[in-house]
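Work through the following exercises with the sequence and the structure at hand, and try each task before reading its solution.

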Amino acid sequence: MPVTYPKTPVRSELNDPSAAKSTKQAYTRPDVANRPDDELASVVASAQELLRWEDALGGSGFPGVERGRAASPSETGGDAAASEGAQVSHTHLQMLASEAAECTRCELHRSRTKSVFARGTPDTNLVFVGEGPGFHEDQQGLPFVGRAGQLLDRMIAAMGYDREGVYICNVVKCRPPENRTPLPTEAVACAHFLVPQLEAVSPKVIVALGRCAAENLRCVPPSGKWRGIWGEWRGIPVMPTYHPAFLLRSPQFKKPVWEDLQEVLRKLNREER
Ligand code: SF4
């Protein structure tokens, strides 16, 4: 299937005026004194959730606050592991990973130490797609193991999932030089792996981490606004949000990301009913 090509580097998130606007709005303090009791309770609950989220992301800390709950078997798709279809998917993914380790479809193979296919479990209802491997990922052959990965783990825990209870992969499987955004030709070449990878896992929801991932999943509307706007990839809902590496540089955007992930949880809860 054709894949749209990124025209704007992920770094442009820093200059996304729509993001700045939404963040400003999100931080506007509600006038809780004038709200009815039930609305006040809702506001308090939201504030408590936000505190937990900020704590999880390395904020000042709130001792005694419960971290994310453990995911149930139905949330992680554990039941599917026993199915024959799941075993076929596992085998297919292993074959794809082996192929990626030897792949020379694009120039990125020249400088890689290890290809980086995925981490986590394919028996899940939740997949995160990032941009491409960085230095630590290239060395270890696993996605999201550096500082951004540690932040992503805390985000996942704040959602109530175990880090191994979700599936995490990237648009390209080999590290771009200097951690630059993958070129369109590289993203297209590596769709040879990403497309069957996502089809094999077949999650209930995909979270696109950063604009590059959102564009390559065809989830950036013509309006240019992309974060927090539901898209769809082959029938699977996609929530585009900021990349953890961006959050490390710009922690003021933690709150909109939290709101996006809350949307994801609401979508998953609806799907489970
Ligand atoms: S980035 Fe993807 S397409 Fe390019 S060499 Fe690596 S595995 Fe092959």
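**Exercise 1.** Determine how many residues surround the ligand, and which are the closest.

*Solution.* Keep in mind from the start that this is a predicted model. Going around the ligand, we find 15 residues that surround it, and the closest are Cys-103, Cys-106, His-109, Cys-174 and Cys-190. Next, we sort this shell by class, which gives nine nonpolar, three polar and three charged residues. Finally, we ask where the shell comes from in the chain, and find that helix 7, residues 184-201, supplies its largest share, namely four residues.

**Exercise 2.** Decide whether Asp-138 is buried or exposed, and describe its surroundings.

*Solution.* First we locate Asp-138, which lies in helix 5, a helix that covers residues 135-140. Then we count its C-beta neighbours inside 10 Å, and because there are 21 of them, where 20 or more are required, Asp-138 counts as buried. Setting aside the neighbours within four places in sequence, we see that Asp-138 is in contact with Arg-112, Thr-113, Lys-114, Val-116, Pro-133 and Arg-175.

**Exercise 3.** Describe the chain as a whole by its helices and strands, its burial and its contacts.

*Solution.* We begin with the secondary structure, which consists of ten helices and six strands. Turning to burial, we find that 40% of the 273 residues of the chain count as buried.

Methods. Residues numbered from 1 in each chain as written. Predicted model: local features only at pLDDT ≥ 70, side-chain atom pairs only at ≥ 80, totals over all residues. Near = placed C-beta within 6 Å. Helix = DSSP H or I, 4+ residues; strand = E, 2+ residues; numbered from the N terminus. Nonpolar A, V, L, I, M, F, W, Y, C, P; charged D, E, K, R; others polar. Buried ≥ 20, exposed ≤ 12 C-beta atoms within 10 Å, placed from the backbone. Contact = placed C-beta atoms within 7 Å.
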